[in-house]
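Good morning, colleagues. Please keep the display in view as I speak.

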Amino acid sequence: MGRYEETYRESIENPELFWGRAAENIDWTKKWDKVLDGSNPPFYRWFSGGTMNTCHNAVDRHVDCGRGNQTAIIYDSPVTNTKRKISYNELKQEVSVFAGALRDQGVTKGDTVIIYMPMIPEAAVAMLACARLGAVHSVVFGGFAPHELAIRIDHARPKVLITASGAIEGKKTIAYKPLVDDAISQSDHKPEKVIIFQREFVTAELNENRDLQWQEIIKTAAPADCVPVLATDPLYILYTSGTTGMPKGVMRDNGGHAVALNWSMKNIYNVDTGDVFWAASDVGWVVGHSYIVYGPLLRGCTTIIYEGKPIGTPDAGAFWRVISEYGVRVMFTAPTAFRAIKKEDPNGEFLKKYDLSSFKTLFLAGERLDPDTYHWAKNLLHIPVIDHWWQTETGWSIVANCMGIEEFPVKAGSPTKPAPGYDVRIVDDRNKEVPAGQEGNIVIKLPLPPGTLATLWRNEERFVSSYMKHFPGYYETSDGGYIDEDGYVYVMGRMDDVINIAGHRLSTGAMEEIISTHPAIAECAVIGTDDQLKGQLPLGFFILKAGVEADVEEIKQELVKMVRSQIGPIACFKESSLVKRLPKTRSGKILRGTMRAISNGKEYRMPSTIDDPTILDEITETLKEMGYPR
Ligand code: COA
Ligand code: AMP
C-alpha cells in the first residue's frame, strides 16, 4: 500500500485516531474530551471540551519557541511602492496591542467584528487580534459594494467595524470610508465604533462619536493576552454566495480549523516552519483566510501579503519578481491569474529576468484548471503544477495531489484524489452511487473532517437545507463531476446558480434580484457563460413589462450600473439582452442550465419538462446575434 493509500484509509476508517494525532501539533490550554462528537448529526463537533487560542498558535507560540526573529509577514505593495517585513516578535506586539485597543472599545469573547480592508498587514493583524480576544471576525472583500457590506452588517451584527481609508486597485484609488458610511446608512444594525487605518494617499473624514483612527487608539492601548476559547467556539464567519441575494455565513470553529490547516500545510502543500509560502489572493476570500493568514502562520511559515495584480502592477513579471525576491517555495493562486499572464506574455519573456530556483510547486484553485492553462504553466515553469479543489465551506482541499504525502502523476483536468478526511462519492439525483466514469453529484460522506464549516451563522436550518438534506448522510458540494477508474476526481462545474468569475464566487440569483427591481423589467435570468480569461462571465436576459416603451440600450446600461453599485464591479456584469420569452419547465422554473449550454456551444438534452421548446430556438438565435458561443 502506498503512503497516500495508507494515510487516506486511516483518516476515513479511524478519523479520531488520525485527527487526534494531528491535534498534538497544536497548543491546547485544556485537552479535548472527545476528538469527534457525533451525537447530533449532521452537526459534528471536533475536539469538544478542549480549549485553546488560535492567535496563540499562529503567533505567540513561535515566539515562545525562539523563532521570534523569523519573518512572519512580508508586505509587498507595488501599487504603493512599499515593502515591509514583520517578524513574529513584531507581529505579536502589533496584534496584542491592537487586541488591547479593541478590548478598550468593549470587544470581548463572542462579539462579532467586521473587517473591510485592502491587502495590507493590518488586515491580518485585525483578524488575529479578534482571534486573540475570542471575538468572531467577518472579513468582507473590499470589492463588494456598500449594499453587500450592509447585508453582512445586518446579519453579523458587529460591535465594531474595522476598515482602512482606502485602497489602490490596479491604477484606481478607492476611498473606502464613503463606502462604509453608505453601507452603515443602509443597514439596520449600526456598529458602535468604526476603526479606520489611515493610509497616506487618502485620508478618511471621521464621524464624531463613532469613528476612531487605528494609529491613535494603539498609542494608549495595553497589550492583551490570548483568551482561551472552546475548540468549538466560532473563530470567524465568512459570507459566501449562495443561490439567492442573501449570502451564506460559513461558520468556522477554532480547534478543528487550527488542527486541519496546520496539518494541510505540511501534507498538502509540503511546506514547513521557516518556508516562504505565498497565496496570491485576497483576505476577503477563503483562500486569504486559510492560506494568507491562518495556515502559514499556524505552521510558522513566512507568508506574503501582496497588494497588486498578476499583470499591470507593473507588468506580467510581477509574480516572478515576488517569488525570486523572497525565495517563495510554494505559491497558490487562481488559474485566472495565469491566464492573464499568458495573455500578456505568452512566451514567458518576463520569467527570464528572474531566478526562480526556490520555487518548488505551483498550486491552483478557485475554479476549474483548464488543461490549456495547466500545460502552459507546466511548460513554462518546469515544476509541478497542482490543481486542487475546495470551497469556502470546506476551508481546505477536498481533492488534491498531496505533495507532502505522495505525489501522483497529474491528469490534466483533474485535481487528483480525495484529501485525507474526505470520503468523496458521486451519486445520482436519487442518492445512489454511480459507477466510475459516470457523471453525477459530488458529495462527501459525513462526517466532514475538522476545519470545515461547523454550521451557517445564525441559520442552522439553512445549513441543513443547503448541504445536508438532498443527499442524506452526505454533504452536498453542489459541484458535478465524476471519478475515474484510478480514483481521480474530475470537477466539471456547479450544479446551482453560483458562478465563478476570475476565481471569485458570485450568485446569478443575487444579480437577478437586482435586475428584477428595474421598473421596466417584468422578468429576467442571469447565466454564467464561459470566458477565456475569467473562466465565466454573467450574461443577463430580460423581458419588458407589457406596454413599456423604453430605450433598450439605455436599460442595458442601467442594469450594468445597478449591479455594479449593488454587488460591486467584481460581478463583471456587462452584457444583457432583451428577449420576448424565457424557456421554462411546465412548473415555471427557468431553464438556466440549458441556456448556459447553448451560450457555450455545448450539446444539451431537451428537458422533458420543458413547457415550450420553440423558446429555445429564439434564445439560440439571440445568442447567435450576440456572437455566442465565443
Ligand atoms: N476593490 C475594489 N474593486 C475591485 C477589487 C477590490 N479589491 N478587486 C477587483 N475590483 C474591480 C476591478 O477594478 C474591476 O473594476 P472595473 O470593472 O472598473 O475595471 C472589477 O472589479 C473586475 O475585477 P477583476 O475581475 O479582478 O478584473 P481585472 O480586469 O481588474 O483583473 C485579473 C483581471 C485576472 C488580473 C484578476 O481578476 C486577478 O488577479 N484574478 C485572480 C483572482 C484571485 O486571486 N482570486 C482569488 C481566489 S484564489
Ligand atoms: P469558493 O467557495 O469561492 O472557493 O468557490 C468554490 C467553487 O469554486 C467550487 O464549488 C467549484 O465550483 C469551484 N472550484 C474551486 N476550485 C476548483 C477546482 N480546482 N476545480 C474546479 N472547480 C473549482
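How many residues of domain 1 are in contact with residues of domain 2? Before I answer, please note that this is a predicted model. The domain assignment places residues 3-308 together with 388-476 in domain 1, and residues 499-625 in domain 2. The answer is that 17 residues of domain 1 touch 14 residues of domain 2. The C-alpha centres of domain 1 and domain 2 are 33 Å apart.

Let me stay with this interface. The size of an interface is often given as the accessible area lost when the parts come together. Here, domain 1 and domain 2 bury about 1,200 Å² between them, and carbon and sulfur atoms account for 50% of that area. The interface of domain 1 and domain 2 is crossed by 1 salt bridge. R505 and E393 form a salt bridge through their side chains, with 2.9 Å from N to O.

In the whole structure, 37 salt bridges are found. Another example pairs the side chains of R84 and E94, at 2.6 Å from N to O. R84 belongs to strand 5 and E94 to helix 4, and the two residues are 10 apart in the chain.

The structure contains 5 cavities of 30 Å³ or more. The largest cavity has a volume of about 130 Å³. It is lined by 16 residues, and those closest to its centre are Y44, L448, T452, L453 and A454. Strand 2 provides the largest share of this lining, 3 residues. By class, the lining of the largest cavity comprises 13 nonpolar, 2 polar and 1 charged residues.

Where does the second largest cavity lie? Both domain 1 and domain 2 contribute residues to its lining, so the second largest cavity lies between them. Its volume is about 90 Å³. Of its 13 lining residues, E148, R152, S241, S507 and A510 are the closest to the centre. Helix 6 and strand 29 each give two or more residues to this lining. The classes here are 6 nonpolar, 5 polar and 2 charged.

The lining of the second largest pocket has 10 nonpolar, 2 polar and 8 charged residues.

Technical notes:
Residues are numbered from 1 along each chain as its sequence is written. Chains are lettered from A and ligands numbered from 1 in the order in which they are written. This is a predicted model: local features need pLDDT of at least 70, side-chain atom pairs count only at pLDDT 80 or more; totals for chains, interfaces and linings use all residues. Side-chain values use heavy atoms; hydrogens and water are left out. Ala, Val, Leu, Ile, Met, Phe, Trp, Tyr, Cys and Pro count as nonpolar, Asp, Glu, Lys and Arg as charged, and the others, Gly among them, as polar. Domain bounds come from an automatic or database domain assignment. Contact means heavy atoms within 4.5 Å. Buried area is the accessible area (1.4 Å probe) that two parts lose on being put together, summed over both. A salt bridge is a side-chain nitrogen of Lys or Arg within 4 Å of a carboxyl oxygen of Asp or Glu. Helices (H or I, at least four residues) and strands (E, at least two) are DSSP runs, numbered from the N terminus. On a 1 Å grid over the protein atoms alone, a cavity is a set of points where a 1.4 Å probe fits but cannot get out, and a pocket is an open set with protein on both sides within 12 Å along at least five of seven lines; lining residues have an atom within 4 Å of a point. Grid points are joined across faces, edges and corners, and a volume is the space filled by probe spheres set on the points.
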